[in-house]
Amino acid sequence: MTGGQLSRYQAAFQSSLLGEKPDAEFLDLVVKQSKNDAPARVGIYRNNVQHSLSAALADLYPVTRRLIGEQCFRSAAVAYVRKNPPEHAAMVFYGESFIDFIAGYPACSQLEYLADTARLEWCCHLARNAGDAGILDPSRLTDIPDEKLGRLRLVPHPSVRLMESRWPVDDIQLENLKEDVGIIDLAASAPRHLLIWRDELEVRVIALTGNCYRLLAALSRGQPLDAAWQGVFEQESPDELAGMLGYLLGLRLFIDFRTEGE
Amino acid sequence: MTSRKQPIRKPGPIPARAGVGLKPQHFETILDTQPDVGWFEVHPENYMGAGGAPHHFLTRIREHYPLSLHGTGLSLGSADGVSTAHLEALKALVDRYQPALVSEHLSWSRWQNIALNDLLPVPYTDEALAVLCRNVDTAQNILQRPLLIENPASYLQVTFSHIEEAEFLVTLAQRSGAGILLDVNNVYVSACNHGFDARSYISRIPTELIGEIHLAGHAIDRIDGQPILIDDHGSEVCAAVWDLYLYALEQHGALPTLIEWDTDVPAWPMLFEQARKAEAILEQSCRNIVQKASA
């Protein structure tokens, strides 16, 4: 073989690992120790690749896996892995598009809440691995003069994620991480406005009120307090703002603050 | 906001003792009990997230033990070069944790921006040797330190390979200035799978190139009725590999030795026991060498 042999070998090996079946020309390149051993030898690598990537997804989406069952999850994961192999060798970056894949997976189409359940698991994964940062001591805010408070911008912890769902995916997650799953009445459940973040090493998921969620979303986008608040409520309501802000600060969500002009 | 990403301490050398592959299941036990093992090794790919528990625990364990980074994702055998993004992520970990050793594999795992998450065999050709030398050189330039390159466990050989594996590995190390990580279990697995002599392979590696030894368990499967050994790191080191390990130590002297266990990871005492066993063999090899010298 001439130059570029290694490239052709790697391309053929790769398609034998992820394709429908091992590439016939590639099998001819394998040294045979018995009559039919080449497909089995390639099969060891094929299994390693597909199994290890599926296992990474299974670790990432334990609730999704429980909802659809081991066998269905494994079939879906292998199908996903073959079409969507990772770009980065570190598994921490792999698997976000599995959310859309599972939403469109025919065997799961009747589970309307499945995609949002998987999305919540991805948000938890991002929160679990987000950067570290020291938490803002709320007493530092007491030094800000009243006339500057409206221009206060709070910097959220890198782990903070926000997610809306028409399904009670927080309860679905909580129940399905228990050994015995309780019953959740989907029809009686209100839509959810979820906050996901990491407090010390623990990932937490809590449901916020719609207003509190919108306030936090605006603050997380970098809006100053007055603009964030006006976007939530038409009428000014300083007591309600103070209460909501105190609640969010108590959750240890912020790492720093700025006031304009500084 | 304070940054915690300061180097923890100066790199200490890895002692010629047994170390253990660090698993998240054992983080708390190790911090609580500070077991008497020589060092720990981690896969840097498991620490490429920005923060959270992996860094929290590794930072604390690093304060008490020397550390080795053993990569699985750099893909030194890729014809289209190593990934710059991956290399930068590895560099950031090297800067942060100041490991005493950084190692990778004689294998490939990435082609055209697809990462295959397995250690795939390289054909032993002049072209592949040139590609590996180039990729090792790139990595060592960015990391500003030599790598150790590990001999692979493999399940197939290709018809157009024309260099023996031991010769290929030694030539790669000599040309690139890298060292060798001698995985004794891999030598045993590949020797059984491809019918070469494991002791001869080990004795062909120049002592001065070897910086570390790996030990692990393997599984036995069958193809067409014939046994094939699978390097699954999922059981105790077998008797034949312990024998081969003693042989390697007698050939090359005492070397830092890692116990690897990556699948079906048992509770900490089992890994600690395997490390104690390796240390007993390290001591035995020293006694054998002294006896031979004085005979």
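The model is predicted: local features need pLDDT of at least 70, side-chain atom pairs count only at pLDDT 80 or more, and totals for chains, interfaces and linings use all residues. Residues are numbered from 1 along each chain as its sequence is written, and chains are lettered from A and ligands numbered from 1 in the order in which they are written.

Chain A holds an open sheet of 3 strands, in the order β2-β3-β4, with antiparallel pairing. Helices (H or I, at least four residues) and strands (E, at least two) are DSSP runs, numbered from the N terminus. Strands pair if DSSP finds at least two bridges between them. β2 (161–165) and β4 (202–207) of chain A each have a single partner strand, so one side of each lacks a neighbour in the sheet. Neighbouring strands are turned by 20 degrees against each other on average, direction ignored. Axes are lines fitted to C-alpha atoms, for helices over the stretch in contact; angles run from 0 to 180 degrees between N-to-C directions.

β2(A) pairs with β3 (192–199) of chain A over 5 bridges, in the antiparallel sense. A:Met163 stands opposite A:Leu194 of β3(A). Helix α10 (210–220) of chain A packs on the sheet and touches β2 and β3 of chain A. Its direction makes about 140 degrees with that of β2(A). Contact requires C-beta atoms, placed from the backbone, within 7 Å.

The contact between the chains takes 45 residues from chain A and 44 residues from chain B. On the chain B side, elements giving two or more residues include α3 (84–97) and α4 (126–143). β6(B) gives the most, with 6 residues.

Notes:
Two residues are in contact if their C-beta atoms, placed from the backbone, lie within 7 Å.
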